[in-house]
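The stops below are meant to be selected in order.

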Amino acid sequence: MTDELPQRLAVVGGGRMGAAIAQVFAAAGTTVTVFDPSAESRDAVPARVAAACRLLGIDASAVVGRVGTADGVAAACAGAELVIEAGPENLAVKREIFAELDAVNPPGVTLATNTSAIPIGRIAAGLTHPQRVLGTHFWNPPYLIPLVEVVRAAGTGEAAVDATLRALAAAGLMPVPVDADVPGFVGNRLQHALKREAIALVAAGVCSAETVDTVCRYGFGRRLPFLGPLEQADLGGLDLTLAIHEVLMPDLDATRSPQPLLVELVGRGDLGARTGRGFRSWRPGEAERRLAEVNAMVLQQGRLEGQLGGLAGQSGGLDERPGGLEGRPPGLDGRQGGLEGRQGGLDGRLGGFDGRLGGFDGRLGGG
Ligand SMILES: NC(=O)c1ccc[n+]([C@@H]2O[C@H](COP(=O)([O-])OP(=O)(O)OC[C@H]3O[C@@H](n4cnc5c(N)ncnc54)[C@H](O)[C@@H]3O)[C@@H](O)[C@H]2O)c1
């Protein structure tokens, strides 16, 4: 693999994530072949790719034209410089897939898994060439959320990590190296630490679920797309952070198992939007509307960052790496959709669902 965008990519597992990963690379110019054992999944790939293009406001025909499907792993991998696996989240299935990938691909081809949680070393165990196996943890959907955690297992070689970081950056993504194979990598550890405390606060009667979400969205969350927690701590002063932690840390939830409230909700079949009730109530159609609103907001935020010249890269880390934020093409954070974003009033411009502009997120979709 070179520093450039891969000419050919194989995606193994063409469901929600596989099709979306194919779309991102194809939009950047890579020829992608998707393998999926299910004819239904394979047949759905072009429509999924086209739908992503429509959302991004880009012409779908050329992108769809660069995405083919195959009904065998070897055929999908022929000539591929990089293989990304996005099959089911099941260790036995992934190990079977990787045994075949290891056998059919020359040793120089990097084999990446999009597992959400399975340690990479368990997937690579017993392979002939474990040095070319690593994790590429994309976020859903990758055409809107640019981060990819590139996870190194104990046996992963430097060359595979470097090549993958470069390939992902060349495709307009935001890769970050994760140097140890820990469950949840970085992003899910942070996200679920927040959810543990959020559920604990509701369970303890401190506030409602709606209030938790409002506090996150309109409080510290307002800056999160532009300012990470550690840079924010530096800006505020570490002495202040320490003073807060001395009071707070003994009191924060430290439950080492799923929160009892979460277990209780799932146990009684309250699974969230899918069943009409979770932490809040959901009317039919409300989840789809809400997701569309959120996707539109995320798209606008990406465009805004692109227009502001790579705001998220100011902290330095990625800028120094090949293909980092500053090195990527203009408008990268609005990646495939241009630079129409304007600063300010994002929520309001997208339909008045900012709580201060005529709606309230707890009553979305008719409230
Ligand atoms: N959905 C998310 O938000 C998300 C985010 C990040 C990572 N992931 C991870 O990405 C992977 C795929 O998730 P998804 O949401 O796309 O699931 P999905 O169910 O939409 O897609 C999985 C696909 O794998 C196919 N498949 C089944 N057996 C296979 C095999 N032996 N070889 C190849 N493909 C096979 C299925 O037919 C299906 O099309 C999982 O490991 C998941 O944990 C998901």
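**Before selecting anything**

This is a predicted model, in which local features need pLDDT of at least 70, side-chain atom pairs count only at pLDDT 80 or more, and totals for chains, interfaces and linings use all residues. Residues are numbered from 1 along each chain as its sequence is written.

**Colour by pLDDT**

pLDDT is the predictor's confidence in each residue, from 0 to 100. The protein chain has a mean pLDDT of 87, and 83% of its residues reach 70 or more. Select residues 312-335: pLDDT stays under 50 there, and the model has 51 contacts beyond four places in sequence for this stretch. Then select residues 349-367, where pLDDT again stays under 50 and the model has 37 contacts beyond four places in sequence. A contact here means two residues whose C-beta atoms, placed from the backbone, lie within 7 Å. Where pLDDT is low, the predicted coordinates should not be read in detail.

**The sheet**

Helices (H or I, at least four residues) and strands (E, at least two) are DSSP runs, numbered from the N terminus. Two strands pair if DSSP finds at least two bridges between them. Select the eight strands that form an open sheet with mixed pairing; their order is β3-β2-β1-β4-β5-β6-β7-β8. The edges are β3 (67-70) and β8 (174-178); each has a single partner strand, so one side of each is left without a neighbour in the sheet. From one strand to the next the twist averages 25°. Axes are lines fitted to C-alpha atoms, for helices over the stretch in contact, and angles run from 0 to 180 degrees between N-to-C directions.

Zoom in on β6 (residues 133-138) and β7 (residues 147-151), which pair in the antiparallel sense over four bridges. Phe138 has Val148 of β7 as its bridge partner.

Helix α2 lies across β2 and β3 and runs at about 170° to β3.

**α1 against α2**

Angles under 35 degrees count as roughly parallel, over 145 as roughly antiparallel, 65 to 115 as roughly perpendicular and the rest as oblique. Show side chains for Ala19, Ala20, Ala22, Gln23 and Ala26 of α1 and for Val45, Arg48, Val49, Ala52 and Cys53 of α2, which make the contact. By class, this contact has eight nonpolar, one polar and one charged residues. Ala, Val, Leu, Ile, Met, Phe, Trp, Tyr, Cys and Pro count as nonpolar, Asp, Glu, Lys and Arg as charged, and the others, Gly among them, as polar.

**Two loops**

In the loop between β6 and β7, select Pro141. A cis peptide bond joins Asn140 and Pro141, with omega at about -5°. Move to the loop between β8 and α8 (187-203) and select Phe185. Phe185 is not a glycine, yet its phi is positive, at about 55°.

**Two further helix pairs**

How far apart are the axes of α8 and α12? The axes of α8 and helix α12 (residues 260-267) are 8 Å apart, at an angle of about 80°. That makes α8 roughly perpendicular to α12. Ile199, Val202 and Ala203 of α8 meet Pro260, Leu261 and Leu262 of α12; the contact has six nonpolar, no polar and no charged residues.

Finish at α10 (residues 229-236) and α11 (residues 238-248), whose axes come within 6 Å and cross at roughly 110°. That makes α10 roughly perpendicular to α11.
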